[in-house]
Amino acid sequence: MSETAAPPVPAKASGLGGGLLGRLDGVLLTLLAGAAVLWFLPVGMGRYGTYVLTLWLVTAIAVMGLNLTLGIAGLKSLAQGAFMGIGAYITAILGTKLGIDWYTCFALSGLACFALGLLLGFPALRVKAHYLAFVTLAFSTLVWLVLRNEQWLTGGTFGISNIARPTLFGLRTDGALAFHRFVVVVTLILALALWWLVRSPWGRAFLALRENPIRAASLGIDIRAYTLLAFAIGSAYGGFAGALYAPLVEFIDPTPFALSASFMLLLMVVAGGSGYQLGPFLGALLAVALPEWLRFTGGLYLIVFGIVVLLLLIVCPTGILGLLDRGWASLKARFVTADGSRP
Amino acid sequence: MTRPVLEVSGLAKHFGGVVAVDGVSFTVNEGEILGIIGPNGCGKSTLFNCILGQLTPSAGTVRLDGTDVTGATPEAMNRRGVSRTFQLLQVFPELSVRENLILAGQEHRGSMVSRLFGPGDAGLTNEADRMAEVFRLGHLTRAKAGGLSYGQQKLLDAAMAFMAGPRLVLLDEPAGGVNLTMLADLKERLRVMNAEHGATFVVIEHNMDFVMSLCTRVIVMVEGKVLMSGTPAEVRADPAVLDAYLGH
Amino acid sequence: QERVKLINVVELSGAGATAGTQWRNGIDLAVADINARGGILGRQIDIVHYDTQTNPGNTRAAVQRAIDEGTYAVLGPVFSGPIGASMQIAQRAEIAQIVGGEAAGLTRQGNPFLFRTSLSQAAAMPKLATYLKDTVKANRIAIVWVNNDFGKGGRDAMLPELQRRGIQVALDVSTEQGQADFTADAIRIRNANVDAVFVYLNEDESARFLLAARQQNVNKPMIGETTLLGARVIQLAGEAANGARGHVGLSIDAPVPAFQDFGRRYQARFNIASDHNGLKGYMAVHMIKWATERMGRFDRKGVADTLRGATITPQMEPGILITTKIEANGDLDRESFLAEVENGQQVIKATLPMINP
Amino acid sequence: MSDTILDLDGVVGGYGRITILNGCSFQVRRGTLTTIIGPNGAGKSTVFKAIFGLIRPTAGRIRFAGTDITGWTPRRLIEAGIVYVPQGRNIFPELSVRHNLELGAVAAGPAITDVPARIERALDRFPILRQKADQQASTLSGGQQKQLEIMRGLLLDPKLILIDEPSIGLSPLMVQETFAILTDLRDKGVTILMVEQNARSALHISDEALVLELGRTRMQGPAAEILADPRVGQLFLGGGLAYDAA
Amino acid sequence: MAELVAYIVAGLATGAIYALAAIGFTLVWQTSQTINFAQGEYVMLPAILILAGVAFLGLPIWAAAVLGAALFVVVFGLGFKLAVVDPMIRHGVLPLAIATMALAIIMKESAKDFFSSEAQTFPSPFPAGAVDVLGVSLSLQHIAIIAVAFVAIGALQWFVTATRTGRQMQATAQNPGVALILGIPVARMVMLTFAINAGLAVLASVLISPIYLAKFSNGDVIGLFAFIAAIVGGFNQVRGALAGGLIVGVVDSLAAAYISSSYRLAVPLVLLVVIILVKPEGLFGRREERRV
Ligand SMILES: Nc1ncnc2c1ncn2[C@@H]1O[C@H](COP(=O)(O)OP(=O)(O)OP(=O)(O)O)[C@@H](O)[C@H]1O
Ligand SMILES: Nc1ncnc2c1ncn2[C@@H]1O[C@H](COP(=O)(O)OP(=O)(O)OP(=O)(O)O)[C@@H](O)[C@H]1O
Ligand SMILES: [Mg+2]
Ligand SMILES: [Mg+2]
């Protein structure tokens, strides 16, 4: 090239996309190491501690799905809580009323949410940006109404109790620890699948949807297919989470799947770090475990929780991982500058 | 070799009462480099948007290789081998230059399913880096596209249009904000693609040096209609064009 | 000195916060009373409250935590859904769980460790239906109920009782928890040509409904349960509450001096009037106290065994306030009252005896 | 009139931790039209942002009419007589064309009483804007939007105009018109500092020119000299590849 | 027929309340393109503050009202802008929207824990009488609310679109970077918006609370209905809030009357979805801008 070519500029903080795709192995290692730690962590922790850990993982699965839909593909969904509810109810109804085994229920929950996600995704093709949020908000409330009103099927406000926990190779997972380990394995599998998805060209196409759908379309990226897929896969994760939630609590009623649950899941995505693969785990930790830890503050623990979240967002609006990412980038930039690669 | 690649006939676009494009017809033959010029707001960009599916035309037809593609989606047009650039900056701002370029090529590799299970970069990293080099963005492959200077983003936009090895490229003011030296490179690049790969180009541009030295034929639009069409020399000499567009 | 730890798991935020807060206050008052009089068998009570956010999953976590932390018995929750989510845990741990729920189904699951603090809806509704038939002489009525576990449970328990007595439900109006505007519902009822309206709503909604009904000139008798006739509803609805009547289980306005005394002390301490949930919480702690003292030792499992089938009288345990019989399944039997609101006051018209004294 | 109105002295700055300007120094003389040229990514727009207080220099001084203005806010700079017309698309998409224009005069406050008249004059210079005066600005074509921006930027009576590549998207006729407006203003004593890639035309109307590369001033001198300098021609003006007029 | 009219008139009265609460959504949207998920709590809290002034400070009601309103505007208008919006607005609208969720939790729980978990009566600024309109008894309160909603929203619409300051507010929302370059006092404009928003919330609160009773959880319902009203009317138009509120009020009233009442909440939502699909910008909204 001619002399005018500028000299190398330091590699810049490559933000969500670059950072995401650039540190994949770190994500992978963290997932595997995390699973190993979580496998042993609850030993001697008591049933309550184990229960909270398991609830955290189950919530994280739903957040992972929403992170795909919202954080990566930029589709604002306010229905993840409803999808979780659909999954939980499918598992509970098929399991308790028809005696179908958990694995089939799990698969059907994911599948049903995938299909519903596809259907619900169609408005996403027509309407842009925040309007999708409105449609999903309506959907979410409608689902809640159905769960509450159709008592013959869902048990209505009285819910469904005595939901059985799955067995694995003939081993029962009724105990807190056994079920926890079961959930660790399922979470790991789902997280790895998502990890693979995001680093594949599909993941890049999802990012393109978020960043600039107009340009994406002109590059042959099938906006319709990818929008629907992002929405449906994210929803399926909601269904999977629900299928684990039902046997975890062994009882379900409509309250945990109301609109406010979807808001809470949204909060977890953003607070953890929207678009970062490990963000959902941090976000879910924040929303599930933090209130439990804060109980020592007494009756005001929810206020303290709100203040912590608010401060967190003020300090790092891009979420916990966003903050880490920025810190890392500036370290790197300083290193390169010190390296003398800039004149 | 005058096989028509793109045939536009009677194309029109209305926005409420505004007639932006008003019955435009023209044909682009294989291997041509067609220039489109005309005053601001004469409907050039709208014409592109109608051809490529960003907008639905109010009337008229668009044919690609003899097939009617009127109203086809932008994705479909691109998968038929038609690329474009945009007048206003259109990159993926949070993604790196390399990711931008890989995105521009990946949908042309394999099927949807094979892409999911194939390599993460669809095997395009090297090609992307080479393309960045060609457009003098080689030192910026890992920089966020949104942080590039205006001209660099313009070049990136053009580079993206070439990633898929297109047969037909529609460029909307590719020269705006690009340094003259780089512009010469760009021009050279178009010529090479045209001569060696038989790619066809349609270029909207206000930079007369660029248009006149590059294009084989030029269409002049005024108020949504085609005023005239001819060789660069003919266009330059036409008093109506001078009056409406070039000035004296 | 050794102390005894009691953990209360209840709705302190979310949809159940109002009820849960009353329940907690009642418990706090009971604990203060008991500790002031020397505790249970000489041991002071340490009370801890865990919020459930009115969410079954959280309730389960909190009950599990309470048991892990060695609570002597589980107090709460009040809402039926969260009770359903957590009762197996106390059962597995063989610990008594004393709850505020009224839904009929709770005690039908054969859980020997679950105890109520108030009449089940299945027990209250027959009394009301009879009242509607014999005293109000209603043949066609409208039902206004809140569509949550409380309201739905009450309605479902009421419908067969009405049918049995040949009362026709001409209008069945479901309303939402937290519903702000009842104008449309009031107009519907006004146009429905019924003899009486059965109102089964939470306190705030009862007040809003009475206000809207008064404004739309609904002149039919308003018949309800404890929640319709409470002091809070009267205070909130003002003049519109006059004429409301029905069946009252636990009420600080009942002609029981112990209730009234409780009501005054509650008001003095928390600066609000107690509703039935405050009374329930107060009694819950005293049920545990009574059972423990009866056994003469601290025995978790024994609490449940002792309570089952017992009859506790105020002579045995003043804090129980009124003679309470505990059925084998955890249901209660008590005297209750028929009342009417007159000039902003709840006036007791009759006392209904226990069902199986 | 040879006194310096704008003086950059060793300005260092950039985005976050990335330094783009590496000790950039130059002077602009009062009442001249000065054009900055340089390759893409040289830091031309960054210089403007530094002058206009949008990025804060980490070292160096910027003086305007003798006053140190380093780190001043845009509002204060406008009040001091500097206006800035940035590169790219910078309209208020949902406001009408007329209201977009009107907002160009906000900073003047009550000092300027004839805002409507000024808007009328602006609409005279670019008639297409008058035609579309009451439409939403986002419906304008790319070039029309640029015209709107230029006129909005020039509504006040500034002492110094910073204008970043005004010719992008403008038809040749409109480029001529824009340059005519700028030379008119220069003739009235306004100082103009312009960045242009359309360098030949720009240098023809300029008094002075400076070449920026890698965030530093490479050359500065009378526009005609720079235009004639063979190194400049080779490096920044497209060299031998330029269109050779038939 | 008279019955139908009765339902419609009742719906209009309720709708005016939703409208009053919904303006806040459109206003914040217009100036910062974000959704204030705490809007319902914004309408809930002023009444609580006023009652707290009476209960804890022993103030007469009018003094408590003045003090409560001032405190609210300062803390939740100006303070919110300074402490929350300023640091976050650069990072896009999503974090800010989420922050308002956290704020909603704080407001609601504080009202409950520091004041009361029970509903409270709130004195009405209007006489208690009622008049008969087309067979429906309409309280003077309702009539006053309808009137105030019209006046407030009309005035705001006029301010935002017809005054220079209003247009500067719009400009700030649409392109803050350029607004800064043109010397528009961006910070002051954003501040003004949030102050107006808080002021309107106080107004709505004082009007609504006598009817709905003041309670910490009121924000849930009011927020949801106001949100639906804002969408139906078109988020980017102040006057849309009025139309949206009235429509939602009437639809809700008719749904309660003629459709299964356990699904009455579904009806406005279905309406919302239909409107979004048919006319995504809302009934009175403006189309999104040209993007290519
Ligand atoms: N917002 C930003 N964040 C990070 N880097 C930036 C940003 N804006 C510009 N840069 C970098 O700063 C350098 C100079 O950019 P600048 O916009 O000043 O160039 P320019 O000389 O105006 O180029 P052009 O002629 O293309 O407009 C470029 O390398 C660019 O990548
Ligand atoms: N969405 C729209 N609504 C109304 N009018 C529009 C819309 N889009 C374009 N127009 C009008 O259509 C005409 C053609 O616009 P177009 O962008 O195609 O012009 P152009 O030839 O590309 O101009 P330029 O050279 O300035 O880019 C313009 O007058 C423009 O105002
Ligand atoms: Mg154009
Ligand atoms: Mg630039």
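The model is a predicted one, so local features need pLDDT of at least 70, side-chain atom pairs count only at pLDDT 80 or more, and totals for chains, interfaces and linings use all residues. Residues are numbered from 1 along each chain as its sequence is written, chains are lettered from A and ligands numbered from 1 in the order in which they are written, and side-chain values use heavy atoms, with hydrogens and water left out.

Take the metal to begin with. The magnesium ion (ligand 3) is held by B:Ser45 through OG and B:Gln87 through OE1, at 1.9 to 2.1 Å. Donors here are N, O and S atoms within 2.8 Å of the metal (3.2 Å for Na, K and Ca), and since water is not among the atoms, sites may look incomplete. B:Ser45 sits in helix 1 (residues 44-52) of chain B, while B:Gln87 is in the loop between strand 6 (82-84) and helix 3 (97-106), so the pair ties together parts 42 residues apart in sequence. Helices (H or I, at least four residues) and strands (E, at least two) are DSSP runs, numbered from the N terminus. B:Ser45 is buried, with a relative accessible area of 11%, and B:Gln87 is buried too, at 12%; buried means under 20%, exposed over 50% and partly exposed in between (1.4 Å probe, protein chains only).

Next comes ligand 2. Residues from chains B, D and E surround it, so the site is shared between chains. Oxygen atoms of ligand 2 make polar contacts (N or O pairs within 3.5 Å) with the backbone of B:Gly41 at 2.8 Å and with the side chain of D:Lys132 at 2.7 Å. The protein covers 93% of the 640 Å² of accessible area (Shrake-Rupley, 1.4 Å probe) that ligand 2 has on its own.

Ligand 1, for its part, lies between chains A, B and D. It is surrounded by 20 residues, with B:Gly147, B:Ser149 and D:Thr46 among the closest. Helix 6 (150-162) of chain B and helix 1 (44-51) of chain D each supply at least two residues of the shell. A polar side-chain atom of B:Ser149 lies 2.5 Å from an oxygen atom of ligand 1, and the side chain of D:Lys44 puts an N or O atom 2.7 Å from an oxygen atom of ligand 1. The protein covers 89% of the 640 Å² that ligand 1 has on its own.

Key:
Near = heavy atom within 4 Å. Polar contact = N/O pair within 3.5 Å; in protein donor to acceptor, adjacent residues only side chain to side chain.
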